[in-house]
Amino acid sequence: MNELVHLSGVTKTYGRQPALLDVDLDLQPGRIVGLLGPNGAGKTTLIKLLNGLLQPDAGVVEIDGTAPGVYTKSIVSYLPDRPYLAEWMKVGQVLDLFQDFYADFDRARAEAMCGSLHIAPTMRIKTMSKGTLEKMQLVLVMSRRAMLYLLDEPIAGVDPAARDYIMDTILSNYNPEGTVLISTHLIADVERVLDEAVFLQEGRIVLHDTVDNIREREGKSVDEVFRAMFRMV
């Protein structure tokens, strides 16, 4: 099976500070993958490289056999770790924008999810609470039938009930032929949905395996393995 995501020897530095060091990573289609690591491990940098927002200083980054660019934008759905919608916009205008930009955007699905959240088409972004805005952005991302979903800290800063909603929304709406890459340091909240886990430490991948293999080999949960690994660092 051809890799959907392929990284080989990828290095990225900010000035003299390395963010990623000689990273090799292959991900197959149809998987939910946790990109796990403490703050500052390089998770956001890796996701921005895949999304084409950053360029590597060395190495190869490919999605579906192609370097990030116009084509990959059409098959990648990206949720950044901070708000990005213009505050003056109404929900209906945001949906119009996504419908114009992305051929795989399912307007009916987005409207149904907004309805379940009591988000009216006339509501302005600036009137939303932080939690509602994060859910709105997730609705936009998961309403695309993408091949790769890049979710950067989708459950950070929200309460446990909102985390459950976010994880259930991801499971219920992603394209099963695509791959979901979830960046987080809140392992216990995402472990139940993961097929694979990638542990990132100081810009290097220190572990990449299926969650079943990790549990069987270590005799403990992925969250427990994560806590033990980074407690020792």
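Contact here means heavy atoms within 4.5 Å. Helices (H or I, at least four residues) and strands (E, at least two) are DSSP runs, numbered from the N terminus. The model is predicted, so local features need pLDDT of at least 70 and side-chain atom pairs count only at pLDDT 80 or more, while totals for chains, interfaces and linings use all residues. Residues are numbered from 1 along each chain as its sequence is written, and side-chain values use heavy atoms, with hydrogens and water left out.

**Exercise 1. Work out the order of the 3-strand sheet and find the helix that packs on it.**

Step 1: Start with the pairing rule: two strands pair if DSSP finds at least two bridges between them. Reading across, the 3 strands go E2-E1-E4 in an open sheet with antiparallel pairing.

Step 2: Look at the edges. Strand E2 (17-27) and strand E4 (58-63) each pair on one side only. Neighbouring strands are turned by 25° against each other on average, direction ignored.

Step 3: Zoom in on one pair. Strand E1 (residues 5-14) is joined to E2 by 7 bridges, and Val5 sits opposite Leu27 in E2.

Step 4: Axes are lines fitted to C-alpha atoms, for helices over the stretch in contact, and angles run from 0 to 180 degrees between N-to-C directions.

**Exercise 2. Find the order of the 6-strand sheet and follow its strands E5, E6 and E7.**

Step 1: The order is E5-E6-E7-E3-E8-E9, in an open sheet with mixed pairing. E5 and strand E9 (204-210) have a single partner strand each, so one side of each has no neighbour in the sheet. From one strand to the next, the twist averages 15°.

Step 2: Take E5 (residues 76-79). Val76 and Tyr78 point one way, Ser77 and Leu79 the other, and all are buried (under 20% relative accessible area; exposed is over 50%, partly exposed in between, with a 1.4 Å probe and protein chains only). In general, side chains in a regular strand alternate between the two faces of the sheet.

Step 3: Move to strand E6 (residues 148-152), which pairs with E5 in the parallel sense over 4 bridges. Tyr78 has Leu150 as its bridge partner there.

Step 4: E6 also pairs in the parallel sense with strand E7 (residues 179-184), over 5 bridges; Leu148 stands opposite Thr179 in E7.

Step 5: Finish with helix H6 (residues 160-173), which lies across strand E3 (32-36), E6 and E7 and runs at about 165° to E7.

**Exercise 3. Describe how H4 and H5 pack.**

Step 1: The axes of H4 and helix H5 (residues 130-142) come within 9 Å and cross at roughly 155°.

Step 2: H4 and H5 are therefore roughly antiparallel (angles over 145 degrees; under 35 is roughly parallel, 65 to 115 roughly perpendicular and the rest oblique).

Step 3: List who meets whom: Arg109, Ala110, Met113 and Cys114 in H4 meet Met136, Val139 and Met142 in H5.

**Exercise 4. Is Pro83 buried or exposed?**

Step 1: Pro83 counts as exposed, because its relative accessibility is 59%.

Step 2: Check its contacts. Leaving aside neighbours within four places in sequence, Pro83 is in contact with Leu133 and Gln137. The C-alpha atoms of Pro83 and Leu133 are separated by 7.7 Å, though the two are 50 residues apart along the chain.
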